Amino acid sequence: MNDQLKGLLITLFGVLCVVPDSLFVRLIDAPALTVAFWRALLVGLLIFAALLVWQGAAPFRAFWRTGWPGLIYVIAIGASGVMFVIAVSLTSVANVVFIIASLPVFAALFSRVALGERLSLRMYLTMAAVLPGLAVIAYGSGETANASLAGDLLALAVSAVFAAGLTAVRLVRQVSMVPGVALGYMLGALVILPWAQPGAIQPEQAPLVAMHVGFILCSSVLLALGPRYITSAEVGLLVLLESVFAPLLAWFFIGENPGGYALLGGGIVVGALFLSNLVVLARRRRASSAGS
């Protein structure tokens with residue numbers, strides 16, 4: 001199996017594992033910070049323990065040597081994980097995943113500021129389409145059940161914070177980020193512990209918590225590994241699948257109608273990013289064909 005196919009399969013399975021994330025947040029009957037605490041603590045500890053057993057301390061030493069980029073990534077993982085759970089508790093699943101789909105826009109802006117990369121005409125056009133889409137979603141929050149502007153803004157913060165983390169690790173892309181995922185989740189759990197209520201999870205909720213942790217564990221590891229083998233455009237196209245399937249799952253299992261505004265705005269955001277990534281892939285293939 002060549003590296004590209006390996007990367008595509010790893011990333012695809014990672015995306016499919018993360019699709020039910022928001023649904024589990026809704027199904028677990030506990031305060032949002034309690035769900036976020038157990039989600040972060042268990043996933044972080046499991047990844048940490050697995051790395052120590054299979055690879056020893058070497059991955060953590062390598063990650064430690066990344067310095068500031070690694071630290072920014074750890075903080076971004078911890079903060080975005082907690083904010084995601086709170087956002088899902090405040091607004092509709094559709095709003096959250098459609099807004100977080102704007103992550104490539106923030107990544108491009110941060111790359112311009114931090115790495116000095118120029119923004120292409122393609123990215124300017126993408127932004128010009130994504131921003132109105134986000135505005136439509138926000139406008140509809142006042143008229144859609146289970147939606148709120150506060151939750152929408154928190155989802156936007158998730159997108160921005162995670163994009164900052166991804167931008168930082170581009171400086172050290174030769175190092176595996178899996179240790180950073182473990183450390184980030186455990187840091188997030190530690191920070192919110194004073195406000196969480198760990199004992200609020202009832203015994204009958206344990207299977208849901210276990211399944212939730214299992215899916216997030218798989219997605220965290222796979223999405224940290226997959227992008228090492230394929231281009232960011234290919235990753236972006238696959239990640240958009242979450243924006244399609246997550247609202248459908250919420251609609252089917254908990255009867256949460258995303259509403260017309262969310263579907264319209266989300267369609268604009270996802271459509272713009274889909275076309276943008278297709279353009280990048282087409283250019284890369286032409287360049288590859290010309291060079292061969």
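How do the residues of the lining of the largest cavity divide into nonpolar, polar and charged? They divide into six nonpolar, one polar and one charged. The model described here is predicted.

**The cavity**

- A search of the whole structure finds one cavity of 30 Å³ or more.
- The volume of the largest cavity is about 40 Å³.
- Its lining is formed by I28, V35, W38, R39, I201, V209, H212 and V213.
- Two elements, α3 and α11, each give two or more residues to this lining.

**Packing of α3 against α11**

- The α3 and α11 helices cross with right-handed geometry.
- On the α3 side, the contact is made by V35, W38, R39, L42, V43, L46 and I47.
- On the α11 side, the contributing residues are V209, H212, V213, I216, L217, S220 and V221.
- By class, the residues of this contact comprise 11 nonpolar, two polar and one charged.
- Several residues of this contact, including V35, W38 and R39 of α3 and V209, H212 and V213 of α11, also line the largest cavity.

**The second largest pocket**

- The second largest pocket holds about 250 Å³ of space.
- It is lined by 14 residues, of which L51, W54, Q55, V178 and V221 are the closest to its centre.
- The elements giving two or more residues to the lining are α3, α10 (178–192) and α11.
- Among these elements, α3 gives the most, with six residues.
- The lining of the second largest pocket consists of 12 nonpolar and two polar residues, with no charged residue.
- V221, one of the residues closest to the centre of the pocket, also belongs to the contact of α11 with α3.

**Packing of α3 against α10**

- The crossing of α3 and α10 is left-handed.
- From α3, the residues that meet α10 are L33, A36, F37, R39, A40, L41, V43, G44, L45, I47, F48 and L51.
- From α10, the residues that meet α3 are V178, P179, V181, A182, L183, Y185, M186, A189 and I192.
- This contact divides into 19 nonpolar residues, one polar and one charged.
- L51 and V178, which belong to this contact, are also among the residues closest to the centre of the second largest pocket.
- R39, V43 and I47 of α3 take part in the contact with α10 and also in the contact with α11.

**Packing of α7 against α9**

- The crossing of α7 and α9 is right-handed.
- L103, F106, A107, F110 and S111 make the contact on the α7 side.
- The α9 side is made up of L156, S159, A160, F162, A163, A164, L166 and T167.
- The residues of the contact of α7 with α9 comprise 10 nonpolar, three polar and no charged.

Note on methods. Residues numbered from 1 in each chain as written. Predicted model: local features only at pLDDT ≥ 70, side-chain atom pairs only at ≥ 80, totals over all residues. Heavy atoms only, no water. Left-handed = near helix turned anticlockwise from the far one by under 90°. Helix = DSSP H or I, 4+ residues; strand = E, 2+ residues; numbered from the N terminus. Contact = heavy atoms within 4.5 Å. Nonpolar A, V, L, I, M, F, W, Y, C, P; charged D, E, K, R; others polar. 1 Å grid on protein atoms, 1.4 Å probe; cavity = no way out; pocket = protein on both sides within 12 Å on 5 of 7 lines; lining within 4 Å. Points joined across faces, edges and corners; volume = space filled by probe spheres on them.
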